[in-house]
Amino acid sequence: MSDAFFAPATAGLQGSVTAPADKSISHRAALFGAMSSGTARIVNYLHAQDTTSTLDAIRVLGARVRLEGDDVVVEGVGLRGAGDGAMIDVGNAGTLMRLLPGWLAAQEGSTFQLDGDASIRRRPVDRIAQPLRRMGGVIEATDGRYPPFLVRGRALRAISYVLPVASAQVKSCVLIAGMCADATTTVTEPAPSRDHTERMLAGAGVRIARDGLDVSLQPVDSLHAQHIVVPGDLSSAAFMIAAAVLVAGSRVTVRDVGVNWTRTGFLRILERMGAAVQGELEAVPGTGAAVASAEPICDLAVAAGPLRGTAVAAEEVPLAIDELPLVALLGCFAEGETVVRGAQELRVKESDRIAGVVDGLRGLGAEIEATDDGFVVSGAGCRGLRGGTIDAAGDHRMAMLGAVAGLASHEGVQVVGIDAAAVSYPGFQQDLARLRGRA
Ligand code: S3P
């Protein structure tokens with residue numbers, strides 16, 4: 001584990017960086033490539049710890065994976081061809097742990113074991129076990145709800161499932177299982193969450209439709225192998241965007257960012273806080289629309305400016321879930337109060353991100369209180385944040401949060417465990433240094 005000190009920026013950040021490839025879309029592209037009948041090509045795959053775990057997992061299941069230049073080429077094993085008896089190490093990747101069982105539960109007569117690192121062993125899998133059991137799959141988890149766990153494949157029946165929490169991971173798991181079920185599967189979300197699975201399955205030839213909060217798909221015999229170009233990850237770009245908003249005099253462009261409406265909640269929150277982020281974002285989708293397969297991409301231009309506090313409501317949470325720690329940080333520099341509610345999901349991320357954000361930012365001098373389902377920040381406005389030390393506790397987004405806080409603070413921030421950033425953003429420190437004119 002390594003530590004790093006992020007000194008206060010003495011001048012505005014300038015220039016441009018290219019956002020690293022989207023983690024959610026990379027996981028899905030590799031998994032659907034493995035499920036397909038044919039050879040899939042993934043351009044701009046994210047080469048980071050989490051998504052390397054996914055390539056390792058599909059190899060263990062029988063897919064052939066090779067690198068051609070920067071592209072990942074996957075020869076699939078077919079929708080019902082995952083290799084029996086595989087032991088899968090998901091590492092730190094919650095998305096892999098929650099999506100893959102949807103496929104494995106449909107491999108009749110086969111058994112699989114899934115496990116991961118210490119953080120994964122604290123993350124519940126009962127949220128996927130419940131719907132998969134209703135479909136006929138068998139999931140045997142530690143203490144009824146944690147990894148390591150076994151998935152025993154069965155013939156699956158279709159269900160209509162009302163998600164108890166707005167989770168794209170759980171939605172995706174049920175939809176993946178639904179491809180192998182006996183009739184139409186429907187998932188109803190409490191509020192829209194990221195829809196990369198729906199888009200990619202539409203592109204692979206699955207009949208999938210959205211009607212308000214319902215997503216329905218028909219079973220299929222096979223998936224078409226696709227040519228997928230992965231956009232930049234808004235959740236990674238968000239750290240550069242927040243740094244540019246907070247450091248006076250900054251003007252930064254983040255290139256090639258995926259701006260699917262279900263991912264841009266953070267930009268809408270920022271706009272309410274008064275920040276200037278410009279780009280051609282995807283418009284809010286209409287209801288009852290056929291699912292489009294394309295993922296929109298654009299450059300985002302950001303400039304520093306004063307912020308005002310805002311309230312983030314429960315229905316906005318799934319659209320900005322991974323950026324909420326940054327909303328807390330931005331709230332420290334805003335005039336007035338910033339409140340996040342309905343975000344209890346943050347407690348079961350790579351770390352308890354409500355406790356981590358509140359304790360971490362308080363240690364840097366912030367006035368912030370935890371609630372059961374979020375936090376309340378009393379903004380210091382132009383008085384800013386003192387600085388100090390923050391422990392990433394193995395969580396990539398906490399590590400990057402600490403770094404951005406350091407640049408914007410008076411005394412700088414020592415981040416304990418900065419190497420965790422490599423889970424999603426291996427070039428994070430270099431990109432930040434480039435914007436500071438130090439690389
Ligand atoms: C993800 C969905 C979100 C998000 C995670 C990636 C995905 O999790 O926090 O980083 O790729 O589907 P939940 O669906 O559990 O909210």
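Where is Thr262 found? Thr262 is in the loop between β15 (251–258) and α8 (265–273); helices (H or I, at least four residues) and strands (E, at least two) are DSSP runs, numbered from the N terminus.

Before going on, a word on the model. It is predicted, so to speak of local features a pLDDT of at least 70 is needed, side-chain atom pairs count only at pLDDT 80 or more, and totals for chains, interfaces and linings use all residues. Residues are numbered from 1 along each chain as its sequence is written, and side-chain values use heavy atoms, leaving out hydrogens and water.

**Around Thr262**

Thr262 is buried, with a relative accessible area of 6%. Buried means under 20% relative accessible area, exposed over 50%, and partly exposed in between (1.4 Å probe, protein chains only). The side chain of Thr262 makes a polar contact of 2.7 Å with the side chain of Asn260. A polar atom of the Thr262 side chain also lies 3.2 Å from the backbone nitrogen of Asp195. For a polar contact, a pair of N or O atoms must be within 3.5 Å; within protein, one must be able to donate a hydrogen and the other to accept it, and residues adjacent in sequence count only if both atoms are side-chain atoms.

**Salt bridges**

Side chains of opposite charge can pair when their charged atoms come close. Searching the whole structure turns up 29 salt bridges, each a side-chain nitrogen of Lys or Arg within 4 Å of a carboxyl oxygen of Asp or Glu. Here are some of them:

| Pair | N to O distance |
|---|---|
| Glu75 and Arg66 | 2.9 Å |
| Asp195 and Arg199 | 2.9 Å |
| Asp233 and Arg263 | 2.9 Å |

The Asp233 and Arg263 pair links distant parts of the chain, 30 residues apart. Asp233 is buried at 2% relative accessible area, and Arg263 is buried at 3%. Glu75, on the other hand, is partly exposed at 29%, and Arg66 is partly exposed at 35%.

Now for Arg28, which sits in helix α1 (residues 23–35). Arg28 is buried yet has no salt bridge; Glu198, the nearest side chain of opposite charge, is 6.3 Å away. (Lys and Arg count as positive, Asp and Glu as negative; His and the chain ends are not counted.) The side chain of Arg28 does have a polar contact of 2.7 Å with the side chain of Thr197. An oxygen atom of the ligand is 2.6 Å from an N or O atom in the Arg28 side chain.
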